[in-house]
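Welcome! Take a moment to look over the sequence and the model, and then we can walk through a few of its features together.

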Amino acid sequence: MPTISYHRIWEFVVDFLAINLGMAVYSLGWAAFLLPYHITTGGMAGMFAIVYYVTGFPMSYAILIANGILLVFALWQLGWKFTIKTAYAVLALSAYLQLGQDMMTVDDGTLMQLLGEGQDSMACVLGAVLNGLGIGIVFLSGGSTGGWDVIAAIINKYRNVSLGRVLLYLDFLVIASCWPIFHDWRMVVFGYVTLAIYTYVLDMLVNSARQDVQFIIFTNKPDEISQRIITETCHSVTSMNGEGYYSRQSIKVLITIVHKRESVTILRMIKETDPDAFVSQSRAEGVYGNGFKAIKA
């Protein structure tokens, strides 16, 4: 029987705590800012927000029912790891969303507008930012919020199609549906603005968290530079033999990947040790292994 290390257990617990935090932030964006001002966005959540505006059927219940059906297929097609994290995220989202709506509901049954009347623009921005932050935290923990993400993952398993473009078209369709239903261009415009801000915040959070730096160093002092990198940082160095095509002189080529915050330190090391070194610095996204993120599958 395979053994499960305490490290893996701790990682699992941290992931679930992060998913819990992400869903709380995401739900806050909906309950406190988007729903009270009748603002929607793309995705399945945006679609159920429209259903809520039309029928009053709780958004949390609709999300729970729809994702419950999708997760049955996810367990069959994608395995238990993906399904468990996604199921937990969906349950947390439904619970926090219902809690948030209950707290924001006033005596006449409507949702309280925290920012006051006529503050639709600010509510749109704040709700979108919180949505992007919440989903970003969930994604960084290897989770999913369900909805169209599950459909995309299942299709991607069997078909090599541009799912990002398909999902984008669906998002635009959901938001555009506000016009024939409500005959209100305001909802359509705010929906697209929310989608743009949400996508931007999500992209910034996910990419900045996964951003590392790769250095390729051509130097005549490879031992000194390598030793400093190894002893003064937590990273190692790969050394290769190179030859200048024009000069026909042999030279050592060092490759190392460090965290973005350490890039200035590495450049200073190189300058102090070999000012004549030739250095190439490039961004490396999604670095996994010793000293970086663990590979999650």
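Let us begin with S60, which has a relative accessible area of 1% and is therefore buried, as the cut-off for that term is under 20%. Keep in mind as you look around that this model is predicted. S60 has its place in helix α3. Leaving aside residues up to four places away in sequence, S60 touches S94, L97, Q98 and Q101.

Helix α3 also holds Y61. Y61 has a relative accessibility of 43%, so this residue counts as partly exposed.

| Residue | Relative accessible area | Class |
|---|---|---|
| S60 | 1% | buried |
| Y61 | 43% | partly exposed |

**The surface patch**

Y61 belongs to a nonpolar surface patch of about 660 Å², together with V51, F57, I65, I69, V72 and F73. Helix α3, which spans residues 59–78, gives this patch its largest share, 5 residues.

**The cores**

Now for the inside. The largest nonpolar core has 45 residues, and M23, W30, L35 and M59 are the ones that touch the most other members. At least two residues of this core come from each of α1 (6–34), α2 (43–55), α3, α4 (80–104), α5 (120–140), α7 (163–176) and α9 (185–209). With 8 residues, α1 gives the most. Another core, of 12 residues, lies apart from this one and includes V213, I217, V258 and M269.

To explore one member of the largest core, look at M23. Not counting residues up to four places away in sequence, M23 is in touch with A89, A92, L93, Y96, I135, V138 and T145.

Terms used
Residues are numbered from 1 along each chain as its sequence is written. This is a predicted model: local features need pLDDT of at least 70, side-chain atom pairs count only at pLDDT 80 or more; totals for chains, interfaces and linings use all residues. Side-chain values use heavy atoms; hydrogens and water are left out. Patches are made of residues with over 30% relative accessible area and no salt bridge: like charges are joined within 9 Å, nonpolar side chains (Val, Leu, Ile, Met, Phe, Trp, Tyr) within 5 Å. Accessible areas come from the Shrake-Rupley method with a 1.4 Å probe; for residues, only the protein chains shown count as cover. A salt bridge is a side-chain nitrogen of Lys or Arg within 4 Å of a carboxyl oxygen of Asp or Glu. Helices (H or I, at least four residues) and strands (E, at least two) are DSSP runs, numbered from the N terminus. Buried means under 20% relative accessible area, exposed over 50%, partly exposed in between (1.4 Å probe, protein chains only). A nonpolar core is a set of buried Ala, Val, Leu, Ile, Met, Phe, Trp, Tyr and Cys residues joined through side-chain atoms within 4.5 Å. Contact means heavy atoms within 4.5 Å.
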